[in-house]
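Please consider the sequence and the model shown below. The paragraphs that follow lead through aromatic contacts and then through a sheet.

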Amino acid sequence: MPRSSRAFPYLLATIAICSVGLLLFHTRNGPGITGDSVSYVMGADNLIAGRGYSRTAGGGEAVPITGFPPGYSTALVIFSWVSGDLFSVGRTLNAVLFGLNTFLLGFLLWKFTRSQVVALLGSLLIFLSEDLIHAHAWVMSEGLFLTLSLLGVYAFVRYFSSAKSYHFIAGALLFSAATLTRYVGIALICAAGLTILIAGNKTLLKRIRDLLILGGLSSLPVVIWLMRNASLEGTATNRELGFHPPSQELFRTFLGTVNAWVFPFRLGLPDWIRAPISVIVLVIIPLFIFYRMILRKDQLPDEDNKTSLEILPTYLLLYIPFYSFVLIANTTFLDAGTSTAGAARYLTPIFPAVVLFVLSLSYRYVIRKAIPRSVRITFILLATIVLGMYAGRAYLFVSNPGEMFRYTDMKRRMTDVVEALRSLDQDRILISNDIQLTYVLSDRPAYLFPLRFDVYRLKEREDFNEQVELTRERLEEGAVLVMYEPLREEQQATMDLLKVVPLFNFP
């Protein structure tokens, strides 16, 4: 191996270390915390306490968690030795995961293309991606999902060139672990199965055998987990089947997020120009190249990584639409409360796959092939411009984060509320219209304020009157109601029903 190749992993490691430092600097005032973060931390807390994967209700009861898979909470438990505060553990863990993901993407490109330029470009795109920095800055599961996904893709693709069974088994188990971190990981498994069928070089019977083995290894742990949920709470994922198609606003937000991958800055261009260019760069050109590679049988020169470089774009071309389909199906049939605010976060895990797909194909047809020098220079120039725009966005994003970490920022602002909550007698039960924020501010769980309308299922709750009566009983026994304004009209109507008297009022 040439000396430059031996040194290249150290260069990638340097970028990874810088990624860790960047994340720690970005979250210098604390990590981003949202309602999902509290669920993950509660799940980890109860796992440590031996109470199973559960959240803690206002009276200390352990309620099984079924809406979130256990992977991220398990990682928090494993790394809980870092700090007693699991939110701080999440901050450190995600910073390390950001470094790992930056390294892994560059490493995959280097292993499969043997091009240091392509690998360096891919690693820097991850390092400077505003969406990925933002995703890792929150105590959320995207970072771990990405790490498991990239490791799984590496093992699975390597299997086609090495024919080693341990690569196959490792890929299947890593895909399973990714799915137990974020349920959208089912797309990884589906894409792998279809890749075996259409791109494998074995006989049809052997490909079907491999498909069944892969399905069993990767899906069985997930099925067992869903059966656990159904047996405990009567629901596999805490969602009900229904039909609620995505709104036009949500679609526009998804498309705008993808558009920003090509145009980190608007550059003064209107949407009707930016959108077609993004489609050409991310869809039409890669599909045309893929068509030439598969249907026209454009061949690589004989080399060790030939099979891997042929399978990698095939797998990614299947994975990206499968991932998108799972997102749309979840929003349409399961999660009625999908918000536009979370659209970028939902799409973040697919961005590295897009980078891998575009750059692996670019390697074949810009660097490997004998093309005019002017085309290569144009490619390098465009790549430099895009990288410069990513660097500019990352600098603006990290240097001035402002108040974008939600509950962390609110806790820093609301010191008087924190003091009042923590001065309450520990025997008093808390009831709140935001139980996650109350947990962050007080370090105590709370019961949920009666809900007339379920925002996740988009329908009236049948047990509303029972909730009101139970809340009234708890208040009579000394519970304290903690409400965060502005109150919605139905919340104020419920307050009137309860006839509560304010003890404290903060601006």
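Is phenylalanine 351 buried or exposed, and what is its relative accessible area? The model is a predicted one. In this model, phenylalanine 351 has a relative accessible area of 4%; because buried means under 20% relative accessible area, phenylalanine 351 counts as buried.

The angle decides the class, because planes over 60 degrees apart count as edge-to-face. Tyrosine 40 belongs to helix H2 (residues 35-48), whereas phenylalanine 68 lies in the loop between strand E2 (62-64) and helix H3 (71-78); the pair therefore ties together parts that are 28 residues apart in sequence. Tyrosine 40 and phenylalanine 68 are both buried.

Phenylalanine 351 forms an aromatic pair with tyrosine 390, and this pair is stacked, with 6.2 Å from centre to centre and 20° between the planes. Here the planes fall under the 30 degrees that count as stacked. Phenylalanine 351 lies in helix H15 (residues 351-368) and tyrosine 390 in helix H16 (residues 373-399), so the pair ties together parts that are 39 residues apart in sequence. Tyrosine 390 is buried, at a relative accessible area of 5%.

Ring pairs also build a cluster, linking Phe156, Tyr159, Phe160, Phe168, Phe175, Tyr315, Tyr319 and Tyr323. Elsewhere, charged side chains meet ring faces. Arginine 28 lies over the face of phenylalanine 25, at 4.0 Å from the ring centre. Arginine 114 lies over the face of tryptophan 110, and there the distance from the ring centre is 5.8 Å.

The description now turns to a sheet. Strands of a sheet pair through backbone hydrogen bonds, in either a parallel or an antiparallel manner. The open sheet considered here has 3 strands in the order E4-E3-E7, with parallel pairing. Strand E4 (447-448) and strand E7 (480-482) stand at the edges with a single partner strand each, so one side of each is left without a neighbour in the sheet. Strand E3 (residues 430-432) pairs with E4 in the parallel sense over 2 bridges. Isoleucine 431 stands opposite tyrosine 447 in E4. Helix H19 (residues 435-442) lies across E3, E4 and E7, and runs at about 135° to E3.

Terms used. Residues are numbered from 1 along each chain as its sequence is written. This is a predicted model: local features need pLDDT of at least 70, side-chain atom pairs count only at pLDDT 80 or more; totals for chains, interfaces and linings use all residues. Side-chain values use heavy atoms; hydrogens and water are left out. Helices (H or I, at least four residues) and strands (E, at least two) are DSSP runs, numbered from the N terminus. Buried means under 20% relative accessible area, exposed over 50%, partly exposed in between (1.4 Å probe, protein chains only). Rings of Phe, Tyr and Trp (its six-membered ring) pair if their centres lie within 6.5 Å; planes under 30 degrees apart count as stacked, over 60 as edge-to-face and the rest as tilted. A charge sits over a ring if NZ of Lys or CZ of Arg is within 6 Å of the ring centre and within 35 degrees of the ring normal. Two strands pair if DSSP finds at least two bridges between them. Contact means heavy atoms within 4.5 Å. Axes are lines fitted to C-alpha atoms, for helices over the stretch in contact, and angles run from 0 to 180 degrees between N-to-C directions.
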